[in-house]
Amino acid sequence: MGMTNSQLPMSQPPRWRALGRLRLGDWLGVGRWELGVAVAALAVATLVAGAAAPQQVPEQPSEVAVVISGDPGTPPRYAVPDFVAVNPEAAEAARTMSRVLFDDLAFEREFYLIPRDTYATIPAARTADQIPFNAWRELGADAVVFGVVERTGNNVRVEVRLFNVRTQQSVFSKEYTGSQENPRLYAHTMSDEIHQQQRALRGVARTKLAFSSDRNRERMVGTIENRDVKEVYIADYDGANPRRITANRQLNLTPVWSPDARAIAYTSYRRGYPDLFVALIYEGVQQEPTGGGTQNWLPMFSPDGTRIVFTSSRDGNPELYIMNRDGSGVRRLTNHPAIDSTPTWSPTGTQVAFTSDRAGQPQIYIVGADGLNLRRLTTSESYADRPTWSPAPFNEIAFAARTGPGYDIKVYDLATGVTRRVTFGEGSNESPSYSPSGRHLAFTSTRVGGVQIFTIGRDGRGVKQITRDGNNRTPSWSN
Amino acid sequence: MARSSSGSRYEIGSTRSVVPMNKRMRGSTTAASVVLILLTGIAAGCARREAPVTTSPTPPLAAPPGVSAPAPPGPPSRVEEALPVPSEPIAEDAISNRSLDALNRDSPLKPVFYPLDGADLDAEGRAAVTANAALLRRHTTWVVTVEGHCDERGTSEYNLALGERRAASVKAYLVSLGIGPDRIRTVSYGKEFPFDQGHDEGAWTKNRRAHFVITSK
């Protein structure tokens with residue numbers, strides 16, 4: 001499988017269990033480099049991060065002063081104590097924001113987050129000049145976040161600063177005002193901005209997941225059998241704020257985000273057969289680009305959002321088709337009596353990876369968006385489905401591979417042809433979807449009973465359960 | 001069989017006619033059980049009514065009332081052939097009188113079962129479709145939807161296509177048996193609607209199926 005020994009997360013001690021045991025591989029989220037090559041790895045990390053966010057200019061004198069570093073070869077250690085509530089009405093929001101920010105900063109694994117329960121010994125500061133830097137230094141902190149929240153009616157004003165504990169200087173200072181309705185959003189925004197400033201990294205704290213769920217436990221209307229309704233939902237990337245997108249009490253499956261994250265294409269059985277719909281979620285508009293009458297499923301927006309590739313049996317058996325987003329200009333991409341299904345676009349929109357059982361069992365193939373240059377990708381799997389092409393700078397395809405009674409998420413590196421595993425037989429794992437940064441994957445797993453959505457680093461570390469209610473399938477990660 | 005050899009000719013006939021039904025019952029679910037119960041009920045009713053007659057030494061009297069007068073010698077084979085005849089109109093009335101929901105809850109149409117990852121009809125599957133075709137020929141107004149279902153061992157996405165292929169294989173066979181394609185719709189539900197929620201071979205066997213639903217009659 002081409003796995004390296006450091007890519008066996010189950011055999012590793014829990015992440016960040018002890019400061020002294022941190023490995024650079026953990027920090028970089030790559031899992032290949034050991035401390036011995038720290039300098040080389042740092043250079044690579046800078047390159048990778050630079051490619052992800054080209055606007056960041058590396059190694060300028062001003063930046064050296066702004067970026068908080070940890071001890072050589074280890075990630076900077078962050079402390080996020082509870083934010084100060086200026087008035088009692090702000091207490092709940094202050095608490096929520098600091099805790100969500102803690103989780104957001106931990107999620108990218110760029111920083112080591114000092115566990116909250118060790119903060120108890122440190123006197124709380126009401127103002128920035130009261131911050132006990134020496135006490136934080138003794139705790140091993142390189143950086144401490146200081147936030148102040150004030151609530152006025154339905155509005156909040158949030159002030160947040162990031163201090164370098166060594167220099168006692170503020171390197172990041174922002175003020176946010178707005179509705180108090182969703183305090184988590186302020187924390188997500190801070191996290192993304194801190195990641196951008198400190199690591200030149202596009203964080204995912206404000207991204208969302210779309211998925212199909214039976215959590216409402218409704219039964220289908222006018223049906224013969226007792227069958228559960230499945231509706232399309234969206235939630236924050238951490239599973240908070242779930243919202244229902246469809247309400248037709250039918251089967252609604254395989255939602256995917258448009259690149260602008262304002263629309264969701266999905267498969268719905270509202271007419272009694274599978275067909276494609278596009279929900280403009282902020283306008284409450286449902287579009288039906290295929291126009292009904294044919295069976296179509298598994299849509300995927302092109303990276304520029306202008307086209308949709310999908311599976312259809314309109315010509316007798318499942319084949320791939322591409323159409324413009326409004327349904328015009330339909331053309332057939334594959335032509336084979338076997339099943340061709342589950343398409344995904346390459347980041348440039350010039351190729352499509354898909355599943356076909358033309359060789360007997362389902363395997364991953366790639367074809368040009370013009371229908372030419374078809375080639376088989378997976379050759380050592382017994383069964384492979386749901387290819388998902390990573391965004392740049394990574395050049396890889398994640399998929400679900402049969403690895404015994406169930407499935408595991410694997411990743412095929414297009415440059416080397418090497419396949420590595422991301423999950424290792426804990427439950428059955430399916431339907432991978434990349435985060436917009438390519439650093440994480442959402443997938444479904446049966447490891448906790450039922451079918452739930454999890455996220456995981458592309459190196460197989462940092463598994464996090466996202467959904468808990470009902471069964472939840474086919475996640476799609478927004479930009 | 002051993003028992004029937006010591007009985008009268010009529011009993012021989014009735015026993016033989018029941019045997020294939022039992023075989024069918026074993027191979028299908030409760031879907032066809034109403035028809036079967038009706039048939040066996042009639043057979044049992046006849047048998048009960050005729051029970052005293054069977055002790056009489058005159059075989060021709062054993063013929064059930066609905067049989068068109070056979071040749072006096074009354075060869076046993078004729079009697080067996082005739083037995084299902086009275087049951088048919090009764091069964092049809094029972095079916096015709098039932099609502100769509102009642103019909104589908106306890107369907108006279110048999111499901112087709114598949115091996116893992118397979119979509120081709122085996123001999124048993126063809127027999128089930130053939131029997132369903134016979135019912136569709138009798139009830140000429142019925143329109144059916146053939147649902148393709150898969151077990152949970154395939155992936156969600158591929159199963160949508162696999163279920164489509166299962167339903168399509170049934171439709172193709174029905175059409176080859178002379179049923180109009182406009183009377184058959186297909187839809188795949190992948191692994192979204194398992195019939196058995198279990199996670200073992202027993203459940204998976206039931207969930208890999210083409211399921212018939214009568215959508216209008």
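Is Arg157(A) buried, partly exposed or exposed? Arg157(A) is partly exposed, at a relative accessible area of 24%.

The model is predicted: local features need pLDDT of at least 70, side-chain atom pairs count only at pLDDT 80 or more, and totals for chains, interfaces and linings use all residues. Residues are numbered from 1 along each chain as its sequence is written, chains are lettered from A and ligands numbered from 1 in the order in which they are written, and side-chain values use heavy atoms, with hydrogens and water left out.

Chain A has six helices and 30 strands. Both are DSSP runs numbered from the N terminus: helices are H or I with at least four residues, strands are E with at least two. Of the 479 residues in chain A, 57% are buried. The chain exposes about 19,000 Å², and carbon and sulfur atoms supply 50% of that area. Accessible areas come from the Shrake-Rupley method with a 1.4 Å probe; for residues, only the protein chains shown count as cover. Contacts (heavy atoms within 4.5 Å) were also sorted by separation in sequence. Among those between residues at least 6 apart, 45% join residues at least 24 apart.

Four strands of chain A form an open sheet in the order β26-β27-β28-β29, with antiparallel pairing. Its edge strands are β26 (429-434) and β29 (464-465), and each pairs on one side only. Two strands pair if DSSP finds at least two bridges between them. β26(A) and β27(A) (residues 440-445) are joined by four bridges in the antiparallel sense. Tyr434(A) has Leu441(A) in β27(A) as its bridge partner.

The structure holds 44 salt bridges over all chains. Each is a side-chain nitrogen of Lys or Arg within 4 Å of a carboxyl oxygen of Asp or Glu. Arg157(A) forms one with Glu150(A), at 3.3 Å from N to O. Glu150(A) is partly exposed, at 25%. Arg219(A) and Asp228(A) meet at 3.0 Å, N to O. Arg219(A) is partly exposed at 39%, and Asp228(A) is partly exposed at 28%.

A further salt bridge joins Glu283(A) and Arg262(A) at 3.8 Å, N to O. This pair links distant parts of the chain, 21 residues apart: Glu283(A) lies in the loop between β12 and β13, Arg262(A) in the loop between β10 and β11. Glu283(A) is partly exposed at 49%.

Notes. Buried means under 20% relative accessible area, exposed over 50%, partly exposed in between (1.4 Å probe, protein chains only).
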